[in-house]
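Here is a short briefing to read alongside the sequence and the 3D view. Keep the view open and find each residue as it comes up.

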Amino acid sequence: MTEALADAVDRDAVDAIIDQWYAVRPDLDTTPMAVFGRVYRIARTMGDAVERAYTPYGISRGEFDVVATLRRSGAPYTLSPRQLSATLMLTTGGMTGRLDKLEKAGLLFRTPDPHDRRGLRVTITDRGLALIDEAVSAGLEVQRAALKGLGEEEVAVLGGLLRKLMAEVQGA
């Protein structure tokens, strides 16, 4: 962090943790902790905030992910449970539970796969389509508000750096 940026931003809980480590282990380079400690805290805080944004729509963040995946797949908004599981990194058991709840709520329906007697197809309903279009806007508004303290260029740089870091972490 540059000195100007460090002076412009108040110290946070991660700084306190790093200071504590320095007091007992001054030999440690805690630079990674400064990055990942904040990434973890931001992810948790924003996950909770977005979850609250979805509450008025009667869905959790996990349920949002299923319906949103169908929505962004494009018309006819249909995928197999296996495709959904792979996209969302869920076990088939976890996916079945979410699909059961979302089907009961009238947000999607399952039909036999015409190309595979053992398979199913999951399709978003009109109600699910309307709900997800509103919920995604609500979630984006929460995210947009969180970024309000950053300039447009800072957001672009941060997004690029996080993309680079994610590629490194996932390639490890």
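In this predicted model, the side chains of Asp-15 and Arg-38 meet in a salt bridge, with N and O 2.8 Å apart. Asp-15 sits in helix α2 and Arg-38 in helix α3, so the pair links distant parts of the chain, 23 residues apart. Side chains of opposite charge can pair when their charged atoms come close.

**Salt bridges**

- How many salt bridges does the structure hold? There are 10 salt bridges in the structure.
- Arg-38 also forms a salt bridge with Asp-12, and their closest N and O atoms are 2.8 Å apart.
- Because Arg-38 belongs to helix α3 while Asp-12 lies in the loop between α1 and α2, this pair ties together parts that are 26 residues apart in sequence.
- Is Asp-15 buried or exposed? Asp-15 has a relative accessible area of 17%, and since buried means under 20%, Asp-15 counts as buried.
- Arg-38 is partly exposed at 21% relative accessibility, and Asp-12 is partly exposed too, with a relative accessible area of 32%.
- Another salt bridge joins Arg-110 and Asp-100, whose closest N and O atoms are 2.5 Å apart.
- Arg-110 is in strand β2 and Asp-100 in helix α6, so this pair ties together parts that are 10 residues apart in sequence.
- Arg-110 is partly exposed, with a relative accessible area of 21%, and Asp-100 counts as partly exposed at 38% relative accessibility.
- Returning to Arg-38, salt bridges that share partners join Asp-12, Asp-15 and Arg-38 into one network.

**The largest pocket**

- Rolling a probe the size of a water molecule over the atoms shows where empty space is left.
- The largest pocket has a volume of about 2100 Å³.
- This pocket is lined by 42 residues, and the closest to its centre are Arg-38, Val-39, Ile-42, Leu-158 and Leu-162.
- Helices α1 (3-8), α2 (13-24), α3, α7 and α8 are the elements that give two or more residues to the lining of the largest pocket.
- Which element gives the largest share of this lining? That element is α3, with 12 residues.
- By class, the lining of the largest pocket divides into 27 nonpolar, six polar and nine charged residues.

**The second largest pocket**

- The second largest pocket has a volume of about 290 Å³.
- Its lining is made up of 14 residues, of which Ser-80, Pro-81, Arg-82, Gly-119 and Leu-120 lie nearest the centre.
- At least two lining residues of this second largest pocket come from each of α5 (81-88), α6 (92-104), β2 (108-113) and β3 (116-124).
- The lining of the second largest pocket has four nonpolar, five polar and five charged residues.

**A nonpolar patch on the surface**

- Val-35, Val-39, Tyr-40, Leu-147, Leu-150, Leu-158 and Leu-162 form a nonpolar patch on the surface, and together they have about 570 Å² of accessible area.
- The elements that give two or more residues to the patch are α3 (31-54) and α8 (152-171).
- With three residues, α3 gives the largest share of the nonpolar patch.
- Where does Leu-150 lie? Leu-150 is in the loop between α7 (126-146) and α8.
- Leu-150 is partly exposed, with a relative accessible area of 35%.

Methods
Residues are numbered from 1 along each chain as its sequence is written. This is a predicted model: local features need pLDDT of at least 70, side-chain atom pairs count only at pLDDT 80 or more; totals for chains, interfaces and linings use all residues. Side-chain values use heavy atoms; hydrogens and water are left out. Patches are made of residues with over 30% relative accessible area and no salt bridge: like charges are joined within 9 Å, nonpolar side chains (Val, Leu, Ile, Met, Phe, Trp, Tyr) within 5 Å. Accessible areas come from the Shrake-Rupley method with a 1.4 Å probe; for residues, only the protein chains shown count as cover. A salt bridge is a side-chain nitrogen of Lys or Arg within 4 Å of a carboxyl oxygen of Asp or Glu. Helices (H or I, at least four residues) and strands (E, at least two) are DSSP runs, numbered from the N terminus. Buried means under 20% relative accessible area, exposed over 50%, partly exposed in between (1.4 Å probe, protein chains only). On a 1 Å grid over the protein atoms alone, a cavity is a set of points where a 1.4 Å probe fits but cannot get out, and a pocket is an open set with protein on both sides within 12 Å along at least five of seven lines; lining residues have an atom within 4 Å of a point. Grid points are joined across faces, edges and corners, and a volume is the space filled by probe spheres set on the points. Ala, Val, Leu, Ile, Met, Phe, Trp, Tyr, Cys and Pro count as nonpolar, Asp, Glu, Lys and Arg as charged, and the others, Gly among them, as polar.
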